[in-house]
Amino acid sequence: MPFRRLLLSLALVAVSACGREPAPSGPAPTGSVWVVEAPQGGGRLYLCGTIHILRRDDYPLAPAYESAYADTTRLVFELPPGAGTDAALGARMRELGRYGDGETLENRCGPALWQRLKQWGEKRGVPVATLNGCRPWFVSLLVTSTEYGLLGASPEMGVDRHFEARARRDDKPAEGLETVELQLQLFAGLEEKLQLAMLEQTLDEVDTLPEEYSRMIAAWKQGRLDELHEMLFREAAKHPELMEIFLAKRNRAWMARLEELLKRGERAMILVGTGHFTADTGLLKLFEQRGFRVHRHLPAPAK
C-alpha cells in the first residue's frame, strides 16, 4: 500500500548504529537496479530501488549499487540531500500534523478505532493523550516509526542516507526530485476518511509487520518487483486514488527531469523507493513507452 512505503520515507526514528557490518547470509543479493539508455546512445541512468529504512544487518548492498555509483557523476534522490535530517522538518510535520481549534483525534476517529489506538499505546508505552491533538496521518507515522524502530530499522541506515554520505565524502553532485513540503502535503492534503483508513490499516499491520518486513527486504535484495508490488500494494484496489496521488502522479512528474539528464548525456544514479518501479505506471514502463532501452543491471562478480 502506498501508505506504508511513504511512511518509511518520512519516518523519524533516531537509532544509532555502530560496529562492523556482518557478513551477508543466504543467496548473494542481485539488487533492484536497472539501466536506462537512449536508443542513439549518450546519457545513462541507473535506476536504483531503495528502501528508506533498513537495519544494519541488511548491509552490504548488492554489487549493482556500488557499480552504479562508480559509473556515475551525479546522484538524484527523492528529496535533496540532508532534507531528512533538517530540524525544520520535525517542526513542519508537527505543524501540519496537529488539529487546531480544540479538535481531537478521539472525536474524529470514533470509539472503536480510538480504543485500538489506546491499546497500542499501552503496549508500547505511548500515552494516548499525547496523540489526541494529532491528525490521523501523523499518528500513523508515529506508530510506523515506533514499530520499525523496535525491529532495529532506522532511516539512518536507509539506502538514501548511505549514498548521501558517500556523495558528500566523494564530492559528487547530488540533488532531489521533490521537496519535503511536497511529500508532507501528500499526507496533509488527504481527505480525512483516507487518513483514518491509513491509521486503521497501520494498526492492522502491527502484528504482522516483522514477518512482512523481512519478506519485503528479501524481495528487494533480489529485485523481485512482482513480489514487491503485491506486498506493498495488495490493498490498493480499495483506494485507487491513492495510487495516483502517491505513485503514478509523482512518477510522471519526474520523467521530464530524468529525460533531460539523458538528453544532456549525463550518467546519473537515481535513488528512489523501489515501489516507483512497479506496475504499468512505474518508471521502468514509462521509459520503455518513450522508446528508451531499459534493462536489469547485473554486474559481473568481482574476482
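Student: Where does A279 lie?
Tutor: In this predicted model, A279 lies in the loop between β5 (267–273) and α13 (283–289).

Student: What makes the phi of A279 stand out?
Tutor: Phi there is positive, about 70°, although A279 is not a glycine. Most residues other than glycine have a negative phi.

Student: Why is A279 called partly exposed?
Tutor: A279 has 33% relative accessibility. Buried needs under 20%, and exposed needs over 50%. The value falls in between, so A279 counts as partly exposed.

Student: Which loop holds D101, and what is its phi?
Tutor: D101 sits in the loop between α3 (87–97) and α4 (105–109). Its phi is near 60°, positive in a residue other than glycine.

Student: Why does D101 count as exposed?
Tutor: The cut-off for exposed is over 50%. D101 has 87% relative accessibility, so it counts as exposed.

Student: How do you know that the peptide bond from Y59 to P60 is cis or trans?
Tutor: Look at omega. It is near 5° for the bond from Y59 to P60, and that bond is cis. Most peptide bonds are trans. P60 is placed in the loop between β2 (44–50) and α2 (63–70).

Student: What is the confidence of the model?
Tutor: The protein averages a pLDDT of 87, and 89% of the residues score at least 70.

Student: Where is confidence lowest, and where is it highest?
Tutor: The lowest is helix α1 (residues 2–10), with a mean of 45. The highest is strand β3 (residues 74–77), at 98. The pLDDT is below 50 over residues 1–24, a stretch that has 82 contacts in the model beyond near neighbours in sequence. Where pLDDT is low, the predicted coordinates should not be read in detail.

Student: Why are C48 and C109 called buried?
Tutor: The limit is under 20%. C48 has a relative accessible area of 0%, so it is buried. C109 has 13% relative accessibility, so C109 counts as buried too.

Student: What makes L271 buried or exposed?
Tutor: L271 is found in strand β5. Its relative accessibility is 0%, which is under 20%, so L271 counts as buried.

Student: Which residues is L271 in contact with, leaving aside its neighbours within four places in sequence?
Tutor: Among them are C48, T50, L75, V76 and F77. The list also includes V159, D160 and F163. As for L47, it is 224 residues apart from L271 along the chain, yet their C-alpha atoms are separated by 6.4 Å.

Student: How do you know that the span of α12 is close to the expected one?
Tutor: Helix α12 (residues 240–263) has 24 residues. From first C-alpha to last it reaches 33 Å, close to the 34 Å expected at 1.5 Å a residue.

Student: Where is the kink in α12 centred?
Tutor: On A248, with an angle of about 35°. α12 is followed by G265, whose phi is positive, near 80°.

Student: What is the overall picture?
Tutor: The protein has 13 helices and six strands. Buried residues make up 53% of its 303 residues. The accessible surface comes to about 13800 Å², and 52% of that belongs to carbon and sulfur atoms. Among contacts between residues at least 6 apart in sequence, 85% join residues at least 24 apart.

How values were computed: Residues are numbered from 1 along each chain as its sequence is written. This is a predicted model: local features need pLDDT of at least 70, side-chain atom pairs count only at pLDDT 80 or more; totals for chains, interfaces and linings use all residues. Side-chain values use heavy atoms; hydrogens and water are left out. pLDDT is the predictor's confidence in each residue, from 0 to 100. Helices (H or I, at least four residues) and strands (E, at least two) are DSSP runs, numbered from the N terminus. Contact means heavy atoms within 4.5 Å. Buried means under 20% relative accessible area, exposed over 50%, partly exposed in between (1.4 Å probe, protein chains only). Accessible areas come from the Shrake-Rupley method with a 1.4 Å probe; for residues, only the protein chains shown count as cover. The expected span of a helix is 1.5 Å times one less than its number of residues. The bend at a residue is the angle between axes fitted to the seven residues ending there and the seven starting there.
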